[in-house]
Amino acid sequence: MDNLKFKRTMPAVFERLNAADDPSRILYYQNIISCMLAAPLLFFGAFANIVIVYFFWGSDLTTVLVNSAIFLLLGLTFELISRKELDSALFDHLLSLSQSICLAFIVVRYYHIIGPAVWSVAFVMIIIAMMRLKITMLYYIAATTFICGLYVTFLLPVDGFQFAPVYFLIQNVLFTFVFSLATAAFYMNLNRYDKAMMRLTAVITQKEKIAGLYKKLNHTKQTLANQNRELRTSNEEIRKNEERLHFLAYYDGLTELPNRKMILERLHLLVSLSENEKSAFFIVFIDLDNFKKINDTMGHLYGDDYLKYTAKRLQELVHEDDLLGRMGGDEFALIIQRNIKEDAAYNYVERLRNELCDKIKTSCSEFKVSASFGISVFPQDGKDPIELLKSADTSMYKAKELGRNNIQFFRPDMKAEILNKIQMESLLLKAYENKEFFIEYQPQFNAVDHRIRGFEALIRWDSPHYGRVAPMSFIPLAEEMGLIIGIGQWVLLTACHKFKELDNRFDQNLCISVNVSAVQMRDKNFVDIVKKVLDETNMDPKQLELEITESLFIDHIEETIAMLNEIKSLNVRISLDDFGTGFSSLSYLRRLPIDTLKIDKSFIDDLTDKDSSIRIVGDIISLGHNLDAHIVAEGIENSTQLDYLKANNCDCIQGFMFGKPMCFKDVEALLEKNPLK
């Protein structure tokens, strides 16, 4: 309640009464008005009682003072309850009770003075009670009036009361005036009540609408909260996806190093900055040695472990200001973006090479790590990132050609070599497709009686661009390009076909030797290819001799020996070519199913000199015989070499002294002469 917070004047209370919308508020202000009317009247009654009753009528002073005190106390009661924070219902009951007490006091104390006129007070109070919104006061006044009537009837003597007609006239006028006033007040109050109810209905309707809107707002708020949560979740997923996409765009999935795209963007930035500042930087290409062999022979799981370990090891070794990335496959790139000199860059890369070169253990196996390094320098080796990368790549391939596991700075002449190699690869592929290869045959003779033992089939290439190309120039390239398997199969099939023709014509019981590449021997289908050629040509397997080199046994010795034994089971002869120039080991040499040992030409060339080579050749021949192998010496060009070989019991000889490589027609001509010597 706010009855203490407004100006306590009748206009102010009526203003609040008229503005009130709630019936409880209307009743509250009506109670305030009743108190504001009753309290002054009672205070005035206390004063009038002393003046009129004591001075004019001469009543007992003590009685007058007691009555005035009661008037004053009742007035204070109305004033007090109007100023207290009371509940509306309690306020109404206290006010009604106080009005009833006033009525009872006036009837009891003044009936003997004014007689029936006292009921005018009751009548006025009843009319006032009827003007209110609630009838609580009416009940109180009615009950009090009934009790007071009983009191007057049975307890008070009424004899002796005399009233003038004017008294009754005044009383009737007063009744009429009060009744009219009550009627007007009733209708005004009723109108106020109707307005209040309309306002209350409007307020309730508005509250219901507001409640509905609030409920809808809460639902919308909850929906928005859910949408916000979903939005935050979506934003988080989008952020994670963006991070993932950024990682996939700029980082390698296997090693988690920066990828080619990031390397190129960093190079573009460095080129732009370096051009303004006139400074240099280095790009280092790192290619792992023999990675393809690991991947092909041991599987991609081993290869992935190898790459991950190498990437981790390189990250530990590189300077924190440099950027290491993976270009793809087994190639890495290192950008040295610090301002250092070339000798410092070389020492830095050399340290990387030395510390990287080590045996490592992965979850699958143990590997020997080494790498080839190519370095290009901005700006002399390239003005843009692509040119710099090409220069670094070129120098890295040069490091590979020079034996791997070394470092090469880019030089301008390297470009010409690379371009020549690219051109050679293109022409070699065309030669394979256009069948530009042919075979020459070099005869082999018995060292004692010079009877023909057989022929070695030698592949040749007549290039429209280069002319006659030496086998040592294109065979390694064919191995690198993967063409050697197809070329080798063609050589084997062609040589066997031609040799079968010779055998059918001359019946000399000769043999044909065909060189086999290490790449062919690592092909799991090679034995099946040999079987197919023998079946297709209907050739006696004992007349076929396959020449292999010692490089086959550097890696995977057990697998190679198993394949040789499988070939040997076909009754095909096995010859070990260029013996003594590789990595021969008696521990595996005695296990090889070898029929023939061919002494390399480099040993034969030195037979004319008086050095230890003479004793070495004799020892090789003796060793071969102890292994039950047939000995063939190649590169015989003079009688000194021939005499020594005969003296040391060499079985067969091959060289320009007896016959150069010749075409098939010359072979036919040679056999037609019946070459027994």
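This note goes through the predicted model point by point, from overall make-up to single residues.

1. Basis. This is a predicted model, with residues numbered from 1 along each chain as its sequence is written. Local features need pLDDT of at least 70, side-chain atom pairs count only at pLDDT 80 or more, totals for chains, interfaces and linings use all residues, and side-chain values use heavy atoms, with hydrogens and water left out.

2. Overall make-up. The protein has 23 helices and 16 strands. Helices (H or I, at least four residues) and strands (E, at least two) are DSSP runs, numbered from the N terminus. Of the 677 residues, 43% are buried. Buried means under 20% relative accessible area, exposed means over 50%, and partly exposed lies in between (1.4 Å probe, protein chains only).

3. Surface and contacts. The accessible surface is about 36200 Å². Carbon and sulfur atoms hold 58% of that surface. Areas come from the Shrake-Rupley method with a 1.4 Å probe; for residues, only the protein chains shown count as cover. Among contacts with a separation of 6 or more, 68% are between residues 24 or more positions apart. Contact means heavy atoms within 4.5 Å.

4. Main core. The largest nonpolar core has 76 residues. Such a core is a set of buried Ala, Val, Leu, Ile, Met, Phe, Trp, Tyr and Cys residues joined through side-chain atoms within 4.5 Å. Ile 512, Leu 544, Leu 546 and Leu 645 have the most contacts inside the largest core. Helix H15 (residues 484-506) gives the most to this core, with nine residues. What does Leu 645 touch, not counting residues up to four places away in sequence? Its partners are Ile 604, Leu 607, Val 617, Ile 621, Ala 633, Ile 636, Cys 650 and Ile 653.

5. Second core. A separate core of 38 residues includes Ile 26, Phe 78, Leu 103 and Ile 141. Ile 141 is also touched by Ser 100, as are Tyr 140 and Thr 144, not counting residues up to four places away in sequence. Ser 100 sits in helix H4 (residues 88-114). Its relative accessibility is 5%, so Ser 100 counts as buried.

6. Nonpolar patch. Ile 52, Phe 55, Phe 56 and Trp 57 make a nonpolar surface patch of about 510 Å². Patches are made of residues with over 30% relative accessible area and no salt bridge; like charges are joined within 9 Å, nonpolar side chains (Val, Leu, Ile, Met, Phe, Trp, Tyr) within 5 Å. Phe 55 belongs to helix H2 (residues 23-56). It is exposed, because its relative accessible area is 59%.

7. The whole structure has 24 salt bridges. Each is a side-chain nitrogen of Lys or Arg within 4 Å of a carboxyl oxygen of Asp or Glu. Glu 236 and Arg 239 pair at 2.3 Å, N to O. They are three residues apart in helix H7 (residues 165-250), so about one helical turn separates them. Glu 236 is partly exposed at 33%, and Arg 239 is partly exposed at 35%. Asp 305 and Lys 308 pair with their closest N and O atoms 4.0 Å apart. Both lie in helix H10 (residues 300-317), three residues apart, about one turn. Asp 305 is buried at 10%, whereas Lys 308 is partly exposed at 39%. Elsewhere, salt bridges that share partners join Arg 313, Glu 316, Arg 351 and Glu 355 into one network.

8. A bridge between elements. Arg 326 and Asp 252 form a salt bridge at 3.0 Å, N to O. Arg 326 is in strand E2 (residues 323-328) and Asp 252 is in the loop between H7 and helix H8 (260-277), so the pair ties together parts 74 residues apart in sequence. Are these two residues buried or exposed? Both Arg 326 and Asp 252 are buried.

9. Backbone points to check. Most residues other than glycine have a negative phi, and most peptide bonds are trans. A cis peptide bond joins Phe 378 and Pro 379, with omega about 10 degrees. Pro 379 lies in the loop between strand E6 (371-378) and helix H12 (385-401). Asn 509 has a positive phi, near 55 degrees. Its place is the loop between H15 and strand E11 (511-515). With 62% relative accessibility, Asn 509 is exposed. Asp 628 also has a positive phi, about 60 degrees. This residue is in the loop between helix H21 (613-626) and strand E15 (630-634). Asp 628 is exposed, with a relative accessible area of 68%.
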